[in-house]
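Please look at the structure first.

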Amino acid sequence: MFRKLAAIATLFLAALRAVHRGLDSIPASTLTPFTDFGENPNDVQMYVYKPAHVAANPALLVAIHYCSGTAQGYFSRSKFAQLAETYGYVVIYPSSPHPDTCWDVSSDATLTHDGGSDSLSIANAARHAVACWDVAPARVFALGTSSGAMMTAVLAGAYPDIFAAGVVDSGVAFGCFALPGAAEDSWSARCAAGELVRTGAAWAAEVAAAYAGYGGAYPRMQVWHGTADATLHLQNFYEQIKQWTTVFGYAATPVSNVSEAALPSGYSNATFGPRLQAILAQGVGHTVPLFEQQYLEFFGIA
Ligand SMILES: *[C@@H]1O[C@H](CO)[C@@H](O)[C@H](O)[C@H]1NC(C)=O
Ligand SMILES: *[C@@H]1O[C@H](CO)[C@@H](O)[C@H](O)[C@H]1NC(C)=O
């Protein structure tokens, strides 16, 4: 009897805590820091944007900034928050803890499921949103630009159980920046220069090794790259295509490759199957501008 009462009291307290940490505790329509979302090895700062009207079981966007950027910068220079007011989803903006404010996409820890470093912090923030904010577990999405694009690929490979889809704006394949033994957040000059050319099978093996024993689906991917990218060589676009077509079991050549009325001329949209689109922007450098509406359509939000 006593034990039962104690158990009920514990449940009640846990429920109270969950309510207190719920979305209600977050002010609407302003970028707000939040803490206590789980293990956070490098002390990544997390921010959330909750629109005035949150959809029931909302979708979650994790929007990840570029090097020398910040959560606030990505927030103010993109339309994700503004569009959240229309569509009712919630946005998390992580902010890099490293001096160059790039993300650690090079260490073994960050490239391994629950292995630690920045990717674990972002994964834990997403888990927190599902556990405490009523976010729909099947509608958790990642997107990012440059270093944030690379982190999006890292999350897709190491946390496929959390993320349903990812948009990579001017990034690289999962594992391309891997520099085991080097300091976290190291720069892979070879990957950036497009010198890491591998088979699809080799790239897919890197993804499989990130979460050994995982048997579920991998996130749907939409990859954007400019042909004149002088920071992350164009070759990285084609390496990503090799990687994800192999992961999804798609043919190496697209099913369709067309221009889109909604995109600038010179953009081609190659579709390899329902889980992979690769958009190439002729003459565009680093980085391809954001196409928020198209990302939301890909996520099934808009
Ligand atoms: C799609 O077509 C463009 C030319 O229109 C080409 O440059 C690009 O490489 C093609 N994309 C893929 C993924 O093959
Ligand atoms: C690319 O083409 C596919 C297939 O037609 C379409 O579903 C998708 O919306 C297109 N993507 C963009 C960004 O236009």
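Predicted model: local features only at pLDDT ≥ 70, side-chain atom pairs only at ≥ 80, totals over all residues.

Residues are numbered from 1 along each chain as its sequence is written, and side-chain values use heavy atoms, with hydrogens and water left out.

Q: How many salt bridges does the structure hold?
A: There are 5 salt bridges.

Q: Why is the contact of R127 with D114 called a salt bridge?
A: A salt bridge is a side-chain nitrogen of Lys or Arg within 4 Å of a carboxyl oxygen of Asp or Glu. The closest N and O atoms of R127 and D114 are 3.0 Å apart, so the pair qualifies.

Q: What parts does this pair tie together?
A: R127 lies in helix α4 (residues 117-132) and D114 in the loop between β4 (90-95) and α4, so the pair ties together parts that are 13 residues apart in sequence. Helices (H or I, at least four residues) and strands (E, at least two) are DSSP runs, numbered from the N terminus.

Q: What makes R127 count as partly exposed?
A: Buried means under 20% relative accessible area, exposed over 50%, and partly exposed in between (1.4 Å probe, protein chains only). R127 has 28% relative accessibility, so R127 is partly exposed.

Q: How do you know that E195 and R190 form a salt bridge?
A: Their N to O distance is 3.8 Å, which is within the cut-off, so the pair counts.

Q: Why is E195 called partly exposed?
A: The relative accessible area of E195 is 49%, which is not over the limit for exposed, so E195 is partly exposed.

Key
Chains lettered and ligands numbered in written order.
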